[in-house]
Amino acid sequence: MTSTSQTHTNITVQAPGLLERVMISTLTTLPTCVFLFINSIMLFTLRSKPVFRETCRYILLYNLLFADTVQLAQSQVHFLLAVLRIKISYPVCAFLVGFTQLTAVISPLTLVVMPLERYVAVCYPLRHGTIITIRNTAAAIIVIWTISFLNIIIRTLLFLALFEELGDLEVKGFCGDIAILLGSKSDHFDKAFTCIVFVSAGVAVIFSYIGVIVAARSASTDKALAFKARNTLLLNLMQLMLSLSSTIYNPLLVHLLMIVTRIVLVRIQNAFYLFFIVLPRCLTSLIYGLRDQTIRPVLIYHLCCRLKCPVVEDKG
């Protein structure tokens, strides 16, 4: 699956000057560090109270946020390796990309389960407690991580076929998915797996959204719950689209290489990195942390270092 390890494509480009590289590194590293801090506080918040540890949707949210946080940190490592022009061998690059791939699949797969949980809550409220249990949620998370591990194992086996030839060679260009997709089999597997994951997530979100809309018209349905669930599903769909945007990152750059000069391409890469890589991994904590009435006061309390901070009341 195309992941955030694609900070820069494997394209030989004219490197910017030292001053520009320092400015680029600063402008990307500072916001990344800020959001890593916010995500870390959000993760701590979701483990700070029993209501978060014992509620299935918060457990799924923790899994999603954990994957996004690891992705954000790992993508910044790849970005700094690219900006500083640090060359590494293929085995090291494969390890870094594999570690990134491990969590790259977690976000869209978690977005398969989260809409279904909201669908059951609205359409089958009396059975929600028996269907969506902590045990079933834990089983779903284990399946998600198992699929991710299987993806890594298959990719590793495809890579090992050429390991002896590449063991002592440095990666040409920058370390990323494209650098280790060394044959047609790897490329075909990557595309097929990505399509399956995102189509599955898209079907789950759309199916749940339609189900909630239909259920909202029923007189026996909690209208407020249905309205909130509908908004949550729309946010899930937006997250899925943002995650999908990272898969078109490299094709866009390859196309732009034929249009613009190489030094301009480097600057476009940096802008794309912020919008397609960093931004999608920062929205989870902001979306759920600020709109959830249970999480928001606790999150703000921890963000303010446990000092008294004003909390804006939710009017929606």
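## Contacts around Leu46

Two residues are in contact here when heavy atoms of theirs lie within 4.5 Å. In this predicted model, Leu46 touches Phe52, Arg53, Tyr58, Leu61, Tyr62, Leu65 and Ile295, with residues up to four places away in sequence not counted. Leu46 also belongs to the largest nonpolar core, where Met42, Leu46, Leu61 and Ile295 touch the most other members.

## The chain as a whole

The chain contains 14 helices and zero strands. Read from the N terminus on, its elements therefore give the pattern α-α-α-α-α-α-α-α-α-α-α-α-α-α. Of the 316 residues in the chain, 50% are buried.

## The nonpolar cores

The largest nonpolar core has 38 residues. Helices that give two or more residues to this core are H1 (18-45), H3, H5 (106-123), H7 (134-160), H10 (184-216), H11 (223-245), H13 (262-291) and H14 (295-303). The largest share comes from H3, with seven residues.

## Helix H3 against H4

Helix H3 covers residues 56-83 and helix H4 covers residues 90-104. The two pack at an angle of about 150°, and their axes are 9 Å apart. Angles over 145 degrees count as roughly antiparallel, so H3 is roughly antiparallel to H4. The crossing of H3 past H4 is left-handed.

On the H3 side, the contact is made by Ala67, Val70, Gln71, Gln74, His78 and Leu81. On the H4 side, Leu96, Val97, Phe99, Thr100, Thr103 and Ala104 take part. By class, the residues of the contact of H3 with H4 are seven nonpolar, five polar and no charged.

## Helix H3 against H5

H3 also packs against H5, at an angle of about 160° and with the axes 9 Å apart. With that angle, H3 and H5 are roughly antiparallel to each other. H3 passes H5 in a left-handed crossing.

Here Arg57, Leu60, Leu61, Asn63, Leu64, Ala67 and Asp68 of H3 meet Ile106, Ser107, Thr110, Leu111, Val113, Met114, Glu117 and Arg118 of H5. The contact of H3 with H5 has eight nonpolar, three polar and four charged residues. Ala67 is one of the H3 residues in this contact, and Ala67 is also among those that H3 brings to its contact with H4.

The axes of H4 and H5 cross at roughly 10° and come within 5 Å. Angles under 35 degrees count as roughly parallel, and H4 and H5 are therefore roughly parallel to each other. Leu102, Thr103 and Ala104 of H4 make this contact with Ile106, Ser107 and Pro108 of H5. The contact of H4 with H5 has four nonpolar, two polar and no charged residues.

Thr103 lies in helix H4. Is Thr103 buried or exposed? Its relative accessible area is 3%, so Thr103 is buried. Leaving aside neighbours within four places in sequence, Thr103 is in contact with Ala67, Val70, Gln71, Trp145 and Ser148. Of these, Gln71 is 32 residues from Thr103 in sequence, while the C-alpha atoms of the two are 6.6 Å apart in space.

## Ala201 in helix H10

Helix H10 contains Ala201. Ala201 is buried, because its relative accessible area is 0%. Residues up to four places away in sequence aside, Ala201 touches Pro108, Leu111, Val112 and Leu240. Leu111 is also among the H5 residues that meet H3.

Ala201 and Leu237 are 36 residues apart along the chain, and their C-alpha atoms are separated by 8.7 Å.

## Helix H14 and the residue after it

In H14, Ile295, Arg296, Val298, Leu299, Ile300 and His302 are buried. Ile295 is also one of the residues that touch the most other members of the largest nonpolar core, and Ile295 is in contact with Leu46. Cys305 follows H14 and has a positive phi, near 60°.

Technical notes. Residues numbered from 1 in each chain as written. Predicted model: local features only at pLDDT ≥ 70, side-chain atom pairs only at ≥ 80, totals over all residues. Heavy atoms only, no water. Axes fitted to C-alpha atoms, helices over the stretch in contact; angles between N-to-C directions. Helix = DSSP H or I, 4+ residues; strand = E, 2+ residues; numbered from the N terminus. Parallel < 35°, antiparallel > 145°, perpendicular 65-115°, else oblique. Left-handed = near helix turned anticlockwise from the far one by under 90°. Nonpolar A, V, L, I, M, F, W, Y, C, P; charged D, E, K, R; others polar. Core = buried A, V, L, I, M, F, W, Y, C linked by side-chain atoms within 4.5 Å. Buried < 20%, exposed > 50% of the residue type's maximum accessible area, 1.4 Å probe, protein only.
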